Amino acid sequence: MSPWLTVVGIGEDGFKGLGKNARRALMGASRIVGGQRQLDLLPVCIRAERQLWPSPFALAPVLERRGEAICVLASGDPMFYGVGASLARQLPSDEMLILPAPSSCALAAARLGWPLQDVVTLSLVARPLAALNAPLSSGVRLLLLSNDGQSPAAVAQLLRERGFGASRMWVLEHLGGDAERRIAGNAHDWANPPIADLNVIAIECRADAHAPHLSRLAGLPDSAFQHDGQLTKRDVRAITLARLAPIPGELLWDVGGGCGSIGIEWMRAHPSCRAIAIEADEGRQTLIEHNRDALGVPGLQLIRGKAPHALAGLERPDAVFIGGGVTREGVFETCWEQLKPGGRLVANAVTLQSEITLMHWRERHGGELTRIHVAQAQPLGEFDSWRQALPITLLDLVKPRDA
């Protein structure tokens, strides 16, 4: 099928800023779908029927007319957090023609003289502000697509709360149009001026003296998490995550999530990593919700319930960590059955009973058993002595690809 759908990226300069192919597509379309702001940019000479996106947003007005000569209008680059990306998940690429304009982030980088490949980009449009917590680090440059005119003030407040009040901020409005404007300031004294809903926030992160240093590598300090003692400790956590081996786009089940540390660090490894934490205790569920936001992965899904029953109907995982409920009947069996072929299963045991369970499982399915001993130097009178933590037994196995 030849392309019947053309997705046209349009900037603040409107129709006059479009290329020849985009203008031709709009002139020849029978229907043009877009937001009110984009449709208002078209001249009266465009005779196609104009249709607004429904509220709540849905792709049905386009997908239901498959085969017609339809144009969709999008702001800037349709494939950059735009409707083009949503349509591409529903339609084959040979049915669509994408004609992008420069994205607002590309324009912002050009105005500021920032090499775009060195900048972290995020969208706050209908997304939790807490996602901004993950990339915060001194020296990092961020470009944020704002949700509305209140976003810059909310971002400045978050930066102050996280110890990044010294960060430099720029808000760029109406990029590429006649009303383009730039506002500059620091997060700690952001004046909250009136700002247009259509804006991009640029941040040059500068950490205050007291700001914590949180690496994206596994093994955050235990103090980075709120917990009730049910926490996979830092050194064991780093070893466990190394065995789980996060890969972009993969899904982890964190069974017996505790305070959520394993699932959170899995998701911090790459923006596309996903995790589901299964936890029955209400107090720990609250801790997971706090920690996932504080550490910048609000997308971590929390399942309130006890395995194995709470696992029913969940998307099959690429990796499983069993940190609680090792001895509970049916937990191992369900996790192993649902684990995708080639996936990794890691389980940690502290008690003799749970260690025996890991040994029996290894006899049936193979894998590698590792005993982890961690000792820390602590005061003993006028001297120091090693204080041994409880040893951890770790089972690491990979499900055969032909299973």
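These are my notebook entries on what I looked up in this predicted model.

**Ground rules**

I number residues from 1 along each chain as its sequence is written.

**Entry 1: the annotated domain**

I started with the record. UniProt, in an unreviewed entry, lists residues 5–187 as "domain: Tetrapyrrole methylase". Its positions are given in the numbering used here, feature names are shortened, and annotations may be inferred rather than shown by experiment. Over residues 5–187 I read 23% helix and 25% strand, with the end C-alpha atoms 43 Å apart. Helices (H or I, at least four residues) and strands (E, at least two) are DSSP runs, numbered from the N terminus.

In what order do the 5 strands of the open sheet stand? I found 6-7-10-8-9, with mixed pairing. Strand 6 and strand 9 are at the edges with a single partner strand each, so one side of each has no neighbour in the sheet. On average, neighbouring strands here are turned by 20° against each other, direction ignored. Two strands count as paired if DSSP finds at least two bridges between them. A reminder to myself: strands of a sheet pair through backbone hydrogen bonds, either parallel or antiparallel.

I then followed one pair. Strand 8 and strand 9 are antiparallel partners over 6 bridges. Leu 172 stands opposite Arg 182, which belongs to strand 9.

Next I looked at what packs on the sheet. Helix 5 touches strand 6, strand 7, strand 8, strand 9 and strand 10, and its direction makes about 140° with that of strand 7. Axes are lines fitted to C-alpha atoms, for helices over the stretch in contact, and angles run from 0 to 180 degrees between N-to-C directions. Helix 6 (residues 151–161) lies across strand 7, strand 8 and strand 10, at about 20° to strand 10.

**Entry 2: helix 5 itself**

Which residues of helix 5 (residues 104–112) are buried? I noted Cys 105, Leu 107, Ala 108, Ala 109 and Leu 112. Buried means under 20% relative accessible area, exposed over 50%, and partly exposed in between (1.4 Å probe, protein chains only). The cover over these residues includes strand 6 (120–123), strand 7 (141–145), strand 8 (168–173), strand 9 (181–186) and strand 10 (199–204). Just after helix 5, Gly 113 has a positive phi of about 75°.

Beyond its neighbours within four places in sequence, Glu 265 is in contact (heavy atoms within 4.5 Å) with residues including Leu 217, Leu 220, Phe 225 and Arg 237.

Lys 233 lies in the loop between strand 10 and helix 7 (234–244). Lys 233 counts as partly exposed because its relative accessibility is 42%. Between Lys 233 and Leu 220 I noted 13 residues in sequence and 9.2 Å in space, C-alpha to C-alpha.

**Entry 3: salt bridges**

I used this rule: a side-chain nitrogen of Lys or Arg within 4 Å of a carboxyl oxygen of Asp or Glu. The whole structure gives 19 salt bridges. Here are some that I looked up.

- Glu 173 and Arg 181 meet at 2.8 Å, N to O; Glu 173 is buried at 5%, whereas Arg 181 is partly exposed at 37%.
- Arg 65 and Glu 68 meet at 3.3 Å, N to O; Arg 65 is partly exposed at 30%.
- Arg 274 pairs with Glu 315, the closest N and O atoms being 3.0 Å apart. This pair links distant parts of the chain, 41 residues apart: Arg 274 in strand 12 (residues 274–279), and Glu 315 in the loop between strand 13 (301–304) and strand 14 (319–322).
- Arg 141, Glu 204 and Arg 206 are linked in a network of salt bridges.

**Entry 4: cysteines**

How many disulfides does the structure hold? I found 0; a disulfide needs a pair of cysteine sulfur atoms within 2.5 Å. Cys 45 is partly exposed at 39% relative accessible area, whereas Cys 71 is buried at 1%.

Note on methods:
Predicted model: local features only at pLDDT ≥ 70, side-chain atom pairs only at ≥ 80, totals over all residues. Heavy atoms only, no water.
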